[in-house]
Each structure stands twice: as C-alpha cells, then as structure tokens.
Amino acid sequence: FMMISFSPALRRSSLYRRLTDRFSWGHYLNRIFVVLYGFRDHRPSLLGAALLSMAGHLALIGMFLALSLVLMPGMSAITTVLFSLLGILANALPITPGGIGVGEAAFEWLFTHLGHSGGAQLILAWRIGMLPLCMVGGLLYMIGKRHAGGAAARST
C-alpha cells in the first residue's frame, strides 16, 4: 500500500487506474494514495503515526484482556481479544439504526454465543474507561484550534 502511494510509476499504472476508476469506492482509495504521496518526504512522521496507532491498539487489547479477567473469568485471551475487536468493528459500522444500547446488545449476543455472559458489561467498562482519554483529546483539540486561530488572525 505504501509502495503504491510513494511510487509515481505505480500510480500511473493501469492497475492503479482500474482500482480507482472501476469501483465505487475508488475515489476514496485515490484520496488515500494522494495524501500518503504528500507524506513521502515525511517518513518519520508516518512511522510515528503508525507506532502511535499500534500503541493505541495494544492498549485497547490490554484493556479488554484486563476487563475480561474480571467480567468473564475462564475465557481464553485470544478469544476475548478477537471477539472484542470484532465487536468494536461491528459497533462502529453504520449498519444499525440504533444508538445507545446497540453496542451493548451486540457484545452481549456475541459473547453469549461463545458461552460467556458479560459482553454488555465489557463494552460499558470500555466506554467508561475511554472517557478520560476522550476528555484529554478534546482539550488538546480545543487548545490547538485556539492557537491555530490566533496565529491566523495575527498573520492577516
């Protein structure tokens, strides 16, 4: 994926054009390639973003493992990780008309079919655990916007 993004020759290939022109989602793929191509000279930034993303995913996995030890004792670690991440993916996809409660029902159904109860509690504990992180992210976002707005006003 990165090789295609960084290579002008590959981006001019017929395979690239078929991928981006033939499919309805091809314009999204093209936008991804264009953005990544813009970062071709900033590889340390890309590596840092990838490492930060991996650290976040490992923290998410660790949180689900720790919570499942309490909420679903006896469930294997690999099953917990796999089905928790699938449950998060299903909860994020806009395939249901729901709101609050849909994720809990999905997690409960998923883990009940594996022979364990506590799926709804697992996602609720995850949501509660995410609140402080979301608050910090929101504050950093607001601070960044304030500084960016002030810099733009001073430069005009």
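Student: Leaving aside neighbours within four places in sequence, which residues is Phe 83 in contact with?
Tutor: This is a predicted model, and Phe 83 is found in its helix H6. The C-alpha atoms of Phe 83 and Phe 111, 28 residues apart along the chain, are separated by 7.7 Å. Once its neighbours within four places in sequence are left aside, the contacts of Phe 83 are Leu 110, Phe 111 and Leu 114.

Student: Is Phe 83 buried or partly exposed?
Tutor: The limit for a buried residue is a relative accessible area under 20%. Phe 83 has a relative accessible area of 21%, and therefore it is partly exposed.

Student: Which residues does Thr 80 contact beyond its neighbours within four places in sequence?
Tutor: Thr 80 has its place in helix H6, which spans residues 77-92. Its relative accessibility is 0%, so Thr 80 counts as buried. With neighbours within four places in sequence set aside, Thr 80 is in contact with Phe 64, Leu 65, Ser 68, Met 75 and Phe 111.

Student: Which residues of helix H7 are buried, and how wide an arc do they cover around the axis?
Tutor: In helix H7, residues 102-112, the buried residues are Gly 103, Glu 104, Phe 107, Leu 110 and Phe 111. They lie on the same side of H7, because the arc they cover around the axis is only 135°. An α-helix has 3.6 residues a turn, so residues three or four places apart point the same way. The arc asked for is thus 135°.

Student: Which side chains meet in a salt bridge, and how many residues apart in sequence are the parts that the pair ties together?
Tutor: Side chains of opposite charge can pair when their charged atoms come close. Here the side chains of Arg 127 and Glu 104 meet in a salt bridge, with 2.4 Å from N to O. Because Arg 127 lies in helix H8 (residues 119-155) and Glu 104 in helix H7, the pair ties together parts whose separation in sequence is 23 residues.

Student: Of that pair, is Glu 104 buried or exposed?
Tutor: Arg 127, at 28% relative accessibility, counts as partly exposed. Glu 104 has a relative accessibility of 11%, and so Glu 104 counts as buried.

Student: How do the residues in the contact of H3 with H4 divide into nonpolar, polar and charged?
Tutor: The axes of helix H3 (residues 14-22) and helix H4 (residues 26-38) come within 6 Å and cross at roughly 130°, which makes H3 oblique to H4. H3 contributes Tyr 16, Leu 19 and Thr 20 to the contact, while H4 contributes Gly 26, His 27, Leu 29, Asn 30 and Phe 33. These residues divide into four nonpolar, four polar and no charged.

Student: Finally, what percentage of the residues in the protein chain is buried?
Tutor: The protein chain has eight helices and zero strands. Among its contacts with a separation of 6 or more, 53% are between residues 24 or more positions apart. Of the 156 residues in the protein chain, the buried part is 21%.

Terms used:
Residues numbered from 1 in each chain as written. Predicted model: local features only at pLDDT ≥ 70, side-chain atom pairs only at ≥ 80, totals over all residues. Heavy atoms only, no water. Axes fitted to C-alpha atoms, helices over the stretch in contact; angles between N-to-C directions. Helix = DSSP H or I, 4+ residues; strand = E, 2+ residues; numbered from the N terminus. Parallel < 35°, antiparallel > 145°, perpendicular 65-115°, else oblique. Contact = heavy atoms within 4.5 Å. Nonpolar A, V, L, I, M, F, W, Y, C, P; charged D, E, K, R; others polar. Buried < 20%, exposed > 50% of the residue type's maximum accessible area, 1.4 Å probe, protein only. Arc of directions from axis to C-beta. Salt bridge = Lys/Arg side-chain N within 4 Å of Asp/Glu carboxyl O.
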